[in-house]
Amino acid sequence: MIESLLVANRGEIARRIIRTAKRLGIRAIAVHSEADADLPFVVEADEAVCVGPANPAQSYRNVEAILAAAKATGAQAIHPGYGFLSENADFARTVGAAGLIWVGPGADAITAMGDKINARNLMAAAGVPVAPGTTEPAADLAAAVAAATEIGYPVMVKAAAGGGGMGMGVAADEAALRTEYDQVRAFAERMFGDGSVLIERYFPRVRHVEVQILGLADGRVVALGERECSVQRRNQKLVEESPSPAVSPELRARFLAAAVRAGEAVGYRNAGTVECLLDPATQEFFFLEMNTRLQVEHPVTELVYGVDLVEEQLRVAAGLPPTFDPDALTPRGHAVELRINAEDPKRFLPGPGVIRTWVEPTGEGVRVDSGYVAGNTVTPFYDSLLAKLVVTGADRAEALARARTAVADFELAGPKNNLPFFVELLANEEFVSGDYDTGIVGRMR
């Protein structure tokens with residue numbers, strides 16, 4: 001097993017990775033910005049190195065500073081978490097070239113899946129269903145209009161190099177497409193350094209369902225069930241649950257088989273997620289993208305399948321077999337994750353500030369993965385995620401009941417937060433019924 005691990009991330013995911021590393025007897029090394037010096041992940045690590053100022057480009061995305069920290073501390077491996085450099089193929093290659101172990105998929109897989117058009121084409125060739133759309137970038141507005149006319153309106157306009165719900169727009173007709181194309185292209189060039197745009201069929205009522213995969217050290221790819229991720233604002237997830245209330249056993253078998261094919265098509269190793277759109281009317285699903293990293297919502301899979309995905313990542317990176325029998329994966333119960341964010345619960349605008357009160361809920365079936373404690377300052381430099389409140393139950397009804405109690409028991413004062421939204425959601429008839437889609441938050445507002 002790996003003996004020393006540098007965690008190239010911050011907040012709750014850094015703390016989460018450090019927890020598993022220390023349980024396994026691995027020396028855990030944190031890197032942090034000047035703004036994060038007092039956060040729990042820094043305090044709990046065996047060693048910590050400041051890698052720059054608050055600006056992520058000068059700290060958490062500063063490759064030279066992170067590699068220097070790894071060298072100075074004698075780190076054997078680097079875990080990138082999610083976000084920042086986690087899906088940067090060049091960084092993965094640089095880590096390997098420096099003689100360090102990269103805890104993630106190979107750089108070639110990251111590259112293959114990093115471009116949405118290339119990924120769509122690879123998946124189609126592998127027999128994974130893809131939505132009607134362009135097989136190459138729409139080079140200009142005229143090409144985008146021609147593609148949309150062939151596909152049929154409404155269409156989704158997407159940045160080919162985008163991710164995390166960013167760089168996307170919906171066009172119901174040609175006039176809207178002309179506006180969205182220019183906006184998405186400009187955003188993509190500014191944010192991703194790549195203005196390539198794809199046009200894809202837009203489904204007005206759709207569910208977002210993803211499959212957790214794990215590429216094992218022996219070359220096999222296994223699927224650890226699906227997660228429902230349809231409660232979203234601005235195409236970004238707020239709630240995840242497993243299993244999905246929309247997926248039957250027959251549909252689940254098709255989902256998991258397609259996800260395994262997707263992983264095998266790129267020789268996938270380590271943890272990843274195959275994201276899909278599900279048309280609830282026809283029970284057809286389509287490949288959306290592959291996230292070549294650990295997902296924010298991985299705890300719901302861990303609790304339903306009884307595995308520690310971070311430990312499995314470390315074992316794959318070290319060339320070791322998994323702790324579980326790949327042929328005997330059995331889900332048990334139901335898990336729901338609520339993303340507690342520092343944001344206005346009505347408009348979901350960021351709300352940084354000093355945390356005056358922070359008391360996490362406890363009780364049977366309750367898990368909290370948090371990045372902060374009372375007295376910490378939530379700064380405007382990073383993602384607004386404060387904690388992940390994860391609850392389990394023997395079935396969905398019990399999990400939701402426990403979620404209501406846990407939300408009520410979570411004491412949080414200081415920055416704006418979205419706990420009131422979850423009170424509303426957990427009482428919403430549409431959500432409670434399980435028959436909801438990606439438009440649910442808009443209908444609640």
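Select helix 3 (residues 63–73). Its buried residues pack against strand 1 (4–7), strand 2 (27–33), strand 3 (47–52), strand 4 (77–79) and helix 4 (89–97). Helices (H or I, at least four residues) and strands (E, at least two) are DSSP runs, numbered from the N terminus. Contact means heavy atoms within 4.5 Å.

This is a predicted model: local features need pLDDT of at least 70, side-chain atom pairs count only at pLDDT 80 or more, and totals for chains, interfaces and linings use all residues. Residues are numbered from 1 along each chain as its sequence is written, and side-chain values use heavy atoms, leaving out hydrogens and water.

Now color the buried residues of helix 3: Ala 65, Ile 66, Leu 67, Ala 69, Ala 70 and Thr 73. Buried means under 20% relative accessible area, exposed over 50%, partly exposed in between (1.4 Å probe, protein chains only). Step just past helix 3 to Gly 74, where phi is positive, about 70 degrees.

Next, show helix 4 with helix 5 (residues 107–114). They pack at about 175 degrees, axes 8 Å apart. Axes are lines fitted to C-alpha atoms, for helices over the stretch in contact, and angles run from 0 to 180 degrees between N-to-C directions. Helix 4 and helix 5 are therefore roughly antiparallel (over 145 degrees). Ala 89, Ala 92 and Arg 93 of helix 4 meet Ala 107, Asp 108, Ile 110 and Thr 111 of helix 5.

Zoom in on strand 9 (residues 207–215) and strand 10 (residues 221–233), joined by 6 bridges.

Finish with salt bridges: a side-chain nitrogen of Lys or Arg within 4 Å of a carboxyl oxygen of Asp or Glu. The whole structure has 40. Pick Arg 16 and Asp 308, with closest N and O atoms 2.8 Å apart. Arg 16 sits in helix 1 (residues 11–23) and Asp 308 in the loop between helix 10 (298–305) and helix 11 (309–317), 292 residues apart. Arg 16 is buried at 2% relative accessibility; Asp 308 is buried at 15%.

Key: Two strands pair if DSSP finds at least two bridges between them. Angles under 35 degrees count as roughly parallel, over 145 as roughly antiparallel, 65 to 115 as roughly perpendicular and the rest as oblique.
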